[in-house]
Amino acid sequence: MHKQYPLTTVGALVTGPDDKILITQTTKWRGTWGVPGGKVDWGDTLEQALLREFREEVGLDLHQVRFALLQEAVNDPQFIHTSHFILVNYYAHSQNETIIPNEEIVRWAWVTPDEALSYPLNTYTDTLVKHYMSL
């Protein structure tokens, strides 16, 4: 019998030079907006995976990476297929706002946290933005 286990993923709410945050719309979250991120590869630390995913998805180098919060997504209909994720969320900073999107990124925006809440965010990003605003 094949066992399945939750996938560990990393993502970050990133501020740019003017303190706006980056949100993205991807092909994986059924039209909702979120933050860049992805799976942790075998042998990667969480931070290594985060830095790699941001370089791959949006072309940004991250600095001042710090833990934000932990969330869990179990068979959430917001995601394009049945999955169980452990979402390790971070806060980070980028020294530039030039996005070089990969094929997963449909649209992106640098917005204030208040502006972000007016977008159709997935529930995990909504929680992350509100957590950030409460600091």
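Contact here means that heavy atoms lie within 4.5 Å. In this predicted model, the largest pocket holds about 580 Å³ of space, and the second largest pocket holds about 240 Å³.

**Pockets**

- The lining of the largest pocket is made up of 34 residues, and those nearest its centre are Thr9, Trp29, Gly37, Gly38 and Phe79.
- Two or more lining residues of the largest pocket come from each of strand 1 (7-15), strand 2 (21-26), strand 3 (33-34), strand 4 (37-39), helix 1 (46-58), strand 6 (84-93) and helix 3 (123-133).
- Sorted by class, the lining of the largest pocket contains 15 polar, 13 nonpolar and six charged residues.
- The second largest pocket is lined by Gln4, Tyr5, Pro6, Leu7, Val74, Asn75, His81, Thr82, Ser83 and His84, and this lining divides into six polar and four nonpolar residues, with no charged residue.

**Nonpolar cores**

- In soluble globular proteins, nonpolar side chains tend to be buried together.
- The largest nonpolar core has 16 residues, of which Ala12, Val14, Leu22, Leu50, Phe54 and Val58 touch the most other members.
- At least two residues of this core are supplied by each of strand 1, helix 1, strand 6 and strand 7 (105-111), and helix 1 contributes the largest share, four residues.
- Another core, of 14 residues, lies apart from the largest one and includes Ile23, Val35, Leu128 and Val129.
- Leaving out residues up to four places away in sequence, Leu50 touches Val10, Gly11, Ala12, Leu62, Val65 and Tyr90.

**Glu57**

- When residues up to four places away in sequence are set aside, Glu57 touches Pro36, Gly37, Ile100, Pro101, Asn102, Glu104 and Ile105.
- Glu57 and Glu104 are separated by 47 residues in sequence, while their C-alpha atoms are 7.1 Å apart in space.

**Gln71**

- A polar atom of the Gln71 side chain lies 3.1 Å from the backbone oxygen of Tyr124.
- Beyond its neighbours within four places in sequence, Gln71 is in contact with Phe85, Ile86, Leu87, Asn89, Tyr124, Thr127 and Leu128.

Note on methods
Residues are numbered from 1 along each chain as its sequence is written. This is a predicted model: local features need pLDDT of at least 70, side-chain atom pairs count only at pLDDT 80 or more; totals for chains, interfaces and linings use all residues. Side-chain values use heavy atoms; hydrogens and water are left out. On a 1 Å grid over the protein atoms alone, a cavity is a set of points where a 1.4 Å probe fits but cannot get out, and a pocket is an open set with protein on both sides within 12 Å along at least five of seven lines; lining residues have an atom within 4 Å of a point. Grid points are joined across faces, edges and corners, and a volume is the space filled by probe spheres set on the points. Ala, Val, Leu, Ile, Met, Phe, Trp, Tyr, Cys and Pro count as nonpolar, Asp, Glu, Lys and Arg as charged, and the others, Gly among them, as polar. A polar contact is a pair of N or O atoms within 3.5 Å; within protein, one must be able to donate a hydrogen and the other to accept it, and residues adjacent in sequence count only if both atoms are side-chain atoms. A nonpolar core is a set of buried Ala, Val, Leu, Ile, Met, Phe, Trp, Tyr and Cys residues joined through side-chain atoms within 4.5 Å. Buried means under 20% relative accessible area, exposed over 50%, partly exposed in between (1.4 Å probe, protein chains only).
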